Amino acid sequence: MDLLSAAEKIKSMEIRGASRIAKFAAEVMKEHALKVRDNFDEEMMKASQILLNTRPTAVSLYNAINYIMRYTGSTPEEKRASLIRRAEEFIGWVDSAQRKIAEIGERRIKDGSTILTHCNSSAAIAVIKRAHEAGKRIEVFATESRPRWQGHITARQLREAGIEVTLIVDSAVRYFISEVDCVIVGADTITANGALVNKIGTSQVALCAKEARVPFIVAAETFKFSPKTIFGELVLIEERSAEEVAPKELLELGVKVRNPAFDVTPRDYIDVIITEIGAIPPEMAYLVIKDRLGYTEISREELRFDSEHYE
Ligand code: RUB
């Protein structure tokens, strides 16, 4: 597949979900590296920027590109081999992290639980499926996740795994929260101060969960933690088109629409973040970025792409 069609697949959300986007980008970078003949560094840099320009919020894409672009070597052949190795390492990281998260997260789910999830997170679903496979009797409330209905994907995936699922409208979360034992969601980005950036509506779910004293659990691989936030950068929230929300007739009348795809849940609403290196409090986000991802103030220059590339 050529680079531009790959980028379009991410933009149009044919490929969506933070870890799937990152893994896909790694595969595309690898494929592209095999095709590049001259000016290897320059061409790979261009490819990185094209991919980064697709969707701005999920830091997994940024972390994938940054990881892959730290290839070494002096000849084009050495560089290509190093880049391909790093892309494969990243793909392996995605797969193994999710297995580990499922294993750790499953222990937090009690037999007989009702779980609520929002949007469609492969990490959250991996935890839920693992609990089901361990023989726990569980039920899931899945929100529709307007305007793109990712909740339908979640409901289908869980049902196909033999799990009891009830689909609810996004605004019914508070209505049902007293029947829920825990909330599990995924992450697009975790900031240095432990806040969660995830599908629009997540923070309302967290608010309801806190009010009802229902544990709010996040399933997030460490490549969802944002090194850029250590340096004070804010996470850019993607705003998508009005057509996703309103029919043409309304738009033609001059009705305005705002359609942010993500929102921010402050760390006080989060009980635990399940990562592949353990179940951690959100307050530990800074250490994950520093020690696990290896970013310190000294390595600021390691961040080869700054936010202007997103604009
Ligand atoms: C998807 C979304 C998911 C996270 C985590 O948004 O918000 O909760 O990406 O998913 P979109 P995963 O559909 O707009 O990409 O755990 O699969 O990485």
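Helices here are DSSP runs of H or I with at least four residues, strands are runs of E with at least two, and both are numbered from the N terminus. The model is predicted, so local features need pLDDT of at least 70 and side-chain atom pairs count only at pLDDT 80 or more, while totals for chains, interfaces and linings use all residues. Residues are numbered from 1 along each chain as its sequence is written, and side-chain values use heavy atoms, with hydrogens and water left out.

Aromatic rings, then. Rings of Phe, Tyr and Trp (its six-membered ring) pair if their centres lie within 6.5 Å; planes under 30 degrees apart are stacked, over 60 edge-to-face, and the rest tilted. That rule gives eight aromatic pairs. One of them is Y67 with F90, tilted, at 6.1 Å between centres and 50° between planes. Y67 is in helix 4 (residues 59-68) and F90 in helix 5 (residues 76-106), so the pair ties together parts 23 residues apart in sequence.

Buried means under 20% relative accessible area, exposed over 50%, and partly exposed in between, with a 1.4 Å probe and protein chains only. F90 is buried at 0%, whereas Y67 is partly exposed at 22%. Y67, F90, W93 and F223 form one aromatic cluster.

Next, charges over rings: NZ of Lys or CZ of Arg within 6 Å of the ring centre and within 35 degrees of the ring normal. The charged end of R86 sits over the Y67 ring, 4.3 Å from its centre. K210 has its charged end over the ring of Y269, 5.4 Å from the centre.

Last, L253. This residue is in the loop between helix 10 (248-252) and strand 8 (262-265), and is exposed, at 69% relative accessible area.
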